[in-house]
Amino acid sequence: MEYTRLGSSDLRVSRICLGTAFRSEPDEAACLSVVQEAADQGINFLDCANIYRDGYSEKIVGKARQGRRDQFIVTTKVGSETSDNPPCKGLTSDAIMRAVEASLRRLQTDYIDLYLCHIPDPQTPIEETLCAMDNLVRQGKVRYAGCSNFEGWRLCEALMASDLKELVSFVCHQLEFNLLDRRMED
């Protein structure tokens, strides 16, 4: 398996990332088996989110990594509401701080390698979101911040705000791209 540096971080990740939405909703044993098979193939990059199967994805990733935390680079996301933590919707500082604690608990870890803002929150100033992410990095709860599904102009706004306010900057931007959805090529 080939490994590459992720964005502007020092994270070395496999060129293939295992998404753990587990959309066909297999049972726990099947999910754990998928993660194990990926690890056996050299995949060290796992992607989950607080909203994937309402937090179940994070629980599976947490179980799968038991005793081998350093073997995996884990990405999870914030900004989407889950049934066990409804006030965590959006990218306000308060929502991010509550959501990270719930994700850390489900992942059974004390830090997240890459924490992504899942979707833009037009109701919250980007500076507030970046301050929260900056605080998490300084606290050691998050190694790197990133975003997902941001329009180009929102990403530019976030990068400029990070630079001007000397806050943590997004190291990557995750976009949907697959055989069925190739809009990113435009």
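Author: On a 1 Å grid over the protein atoms alone, a pocket is an open set of points where a 1.4 Å probe fits, with protein on both sides within 12 Å along at least five of seven lines, and its lining residues have an atom within 4 Å of a point. This is a predicted model, where local features need pLDDT of at least 70, side-chain atom pairs count only at pLDDT 80 or more, and totals for chains, interfaces and linings use all residues. Residues are numbered from 1 along each chain as its sequence is written, and side-chain values use heavy atoms, with hydrogens and water left out.

Reader: Which residues lie nearest the centre of the largest pocket?

Author: There are 23 residues lining the largest pocket. Those nearest its centre are C17, D47, Q174, L175 and E176.

Reader: And which element gives the largest share of that lining?

Author: Elements here are DSSP runs numbered from the N terminus: helices (H or I, at least four residues) and strands (E, at least two). Two or more lining residues come from each of β3 (17-19), β4 (45-47), β5 (73-78), β6 (112-117) and β8. The largest share is three residues, and they belong to β8.

Reader: How many disulfides does the whole structure have?

Author: To count, two cysteine sulfur atoms must sit within 2.5 Å. For C48, the closest cysteine sulfur is in C17, 9.3 Å off, which is too far for a bond. C156 has its closest one in C147, at 10 Å, again too far. Searching everything gives a count of zero.

Reader: Is C48 buried or exposed?

Author: Buried is under 20% relative accessible area, exposed is over 50%, and partly exposed is in between (1.4 Å probe, protein chains only). C156 comes out at 46%, so C156 is partly exposed. C48 has a relative accessible area of 0%, so C48 is buried.

Reader: What kind of aromatic pair do F150 and F170 make?

Author: Rings of Phe, Tyr and Trp (its six-membered ring) pair if their centres lie within 6.5 Å, with planes under 30 degrees apart called stacked, over 60 edge-to-face and the rest tilted. One pair turns up. The ring centres of F150 and F170 are 5.9 Å apart with planes at 85°, so the pair is edge-to-face.

Reader: Where in the chain do those two sit?

Author: Both are buried, F150 at 5% and F170 at 7%. The pair links distant parts of the chain, 20 residues apart. F150 is in the loop between β7 (142-148) and α5 (152-165), while F170 is in strand β8 (residues 170-174).
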